[in-house]
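Here is a short briefing on one model. Please keep the sequence and the coordinates in view while reading.

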2 protein chains.
Amino acid sequence: MSSSIRIGGLTGRHRERVAEILLATGVFRLDEVDVALEVFDAGRTTPSANSDYTFLGAFTPEDQLVGYVCYGPTSGTDRTFDLYWIAVDPAMHGAGIGTTLLTEVERRLTGQHARLLVVETSSRSDYAQTRAFYRRRGYTESARVHEFYAPSDDRIIFTKRFLTLARTGGEHTSP
Amino acid sequence: MSSSIRIGGLTGRHRERVAEILLATGVFRLDEVDVALEVFDAGRTTPSANSDYTFLGAFTPEDQLVGYVCYGPTSGTDRTFDLYWIAVDPAMHGAGIGTTLLTEVERRLTGQHARLLVVETSSRSDYAQTRAFYRRRGYTESARVHEFYAPSDDRIIFTKRFLTLARTGGEHTSP
């Protein structure tokens, strides 16, 4: 199934479908959906390789948007990136769309000489599938802030480290 | 010394002095100073108890700004707050101004029924005084992301937990 999925950019006409997918997942609260849409609106106004937020969509052969990912460089760091959201239409869960999106992000980041990709998620039971997804994709729990989000709701920080070129001198090889 | 320090709000006319203090500390890069000033400009446009960013300044009896703090609620959390910046004019270091500012933040957050205050800092040697400052004020290292900022530069997450009222029912007592 995922082999027939096309990865492409998003434009303003995808906004309603992005909102629909976020709501359909059932794991985002309304205020979280609002934040995701604000970032979507801001991100599309600055489409460049240096953009703070890059969006990629997963499209069926019929050109229907069935999932998307948002990521970008972490300000104040040397080649660290944040993965802000991956959302996939629940009707398409299990078809490898999340994996296809994440693999494409990692491929692009490798090309940008990224050093580290960071994903923050919750310890709540409704995020168990999310955590298992990242673990299967080679992400490791780097840190956990006890009861960060709420009582009994920890912030878990997953990271994946990329192989970076050896430095040939004293200078950083930052992008 | 610190007993004669007045804590008060900041307005646009303090912008230049805020930039001066940030640069004088010697621990912020130019791009970090830019981010701090962008937040300063954005924060002052929405001065309310629900503001994302609250600024407090420390003033001498001659009304000179010698330090400031910026904090706010962490989006998507239940009563967790971020301490974004404390900066004190190096000419006034050792006078207890940082402590005066932090104590005032904690006093205000206790009034807002905050549950957790989070400070993120670096493992670099030039932040040793910063880390010692937070430890003395009762902050504990809750988590650390290895080489988050750069090779050999970890992200250290300090937290202070506040006593919160016991709940009397099944409802949250969020502000």
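A residue counts as buried under 20% relative accessible area, as exposed over 50%, and as partly exposed in between. A:Arg135 has 42% relative accessibility, so this residue is partly exposed. The model is predicted. The points below cover the symmetry, the interface, the salt bridges and the aromatic rings.

**Symmetry**

- Chain A superposes on chain B by a rotation of 180°, with 0.0 Å of shift along the axis and an RMSD of 0.0 Å.
- The two copies are therefore related as by a two-fold rotation axis.
- Within chain A, A:Ala143 has the C-alpha nearest that axis, at 2.7 Å.
- Both copies use the same surface: 100% of the contact residues of chain A recur in chain B.

**Interface between chain A and chain B**

- Chain A gives 26 residues to the contact, and chain B gives 26 residues.
- The size of an interface is often stated as the accessible area lost when the parts come together.
- Here chain A and chain B bury about 1,900 Å² between them. Of that area, 56% lies on carbon and sulfur atoms.
- Ten residue pairs are in polar contact between the two chains, both residues being at pLDDT 80 or more.
- Two salt bridges are counted between chain A and chain B.
- A:Glu120 forms a salt bridge with B:Arg155, with the closest N and O atoms 3.5 Å apart.
- A network of salt bridges links A:Glu120, A:Arg155, B:Glu120 and B:Arg155.

**Salt bridges within chain A**

- Over all chains, the structure holds 34 salt bridges. Some from chain A follow.
- A:Arg135 pairs with A:Glu141 in a salt bridge, the closest N and O atoms being 3.4 Å apart.
- A:Glu141 also meets A:Arg144 in a salt bridge, at 3.0 Å from N to O.
- A:Glu141 has 35% relative accessibility, so this residue counts as partly exposed. A:Arg144 is at 34%, and is therefore partly exposed.
- A:Arg29 and A:Glu32 form a salt bridge through their side chains, at 3.8 Å from N to O.
- A:Arg29 counts as partly exposed because its relative accessibility is 38%. A:Glu32 is partly exposed because its relative accessible area is 22%.

**Aromatic pairs and cluster**

- A pair of aromatic rings is described by two values, the distance of the centres and the angle of the planes.
- A search of the whole structure finds 16 aromatic pairs over all chains.
- One of them is the tilted pair of A:Tyr84 and A:Trp85, at 6.3 Å centre to centre with 45° between the planes.
- A:Tyr84 is partly exposed because its relative accessibility is 31%. A:Trp85 has a relative accessible area of 13%, so this residue is buried.
- B:Phe148 and B:Tyr149 pair edge-to-face, at 5.1 Å centre to centre with 85° between the planes. Both B:Phe148 and B:Tyr149 are buried.
- A:Phe133, A:Tyr134, A:Tyr139 and A:Phe158 make up one aromatic cluster.

**Charges over rings**

- B:Arg155 has its charged end over the ring of B:Phe148, 4.2 Å from the ring centre. B:Arg155 is also the partner of A:Glu120 in a salt bridge.
- In chain A, A:Arg6 lies over the face of A:Phe59, 4.5 Å from the ring centre.

Notes:
Residues are numbered from 1 along each chain as its sequence is written. Chains are lettered from A and ligands numbered from 1 in the order in which they are written. This is a predicted model: local features need pLDDT of at least 70, side-chain atom pairs count only at pLDDT 80 or more; totals for chains, interfaces and linings use all residues. Side-chain values use heavy atoms; hydrogens and water are left out. Rings of Phe, Tyr and Trp (its six-membered ring) pair if their centres lie within 6.5 Å; planes under 30 degrees apart count as stacked, over 60 as edge-to-face and the rest as tilted. Buried means under 20% relative accessible area, exposed over 50%, partly exposed in between (1.4 Å probe, protein chains only). A charge sits over a ring if NZ of Lys or CZ of Arg is within 6 Å of the ring centre and within 35 degrees of the ring normal. Copies are superposed by least squares on the C-alpha atoms of residues with pLDDT of at least 70 in both. Contact means heavy atoms within 4.5 Å. Buried area is the accessible area (1.4 Å probe) that two parts lose on being put together, summed over both. A salt bridge is a side-chain nitrogen of Lys or Arg within 4 Å of a carboxyl oxygen of Asp or Glu. A polar contact is a pair of N or O atoms within 3.5 Å; within protein, one must be able to donate a hydrogen and the other to accept it, and residues adjacent in sequence count only if both atoms are side-chain atoms.
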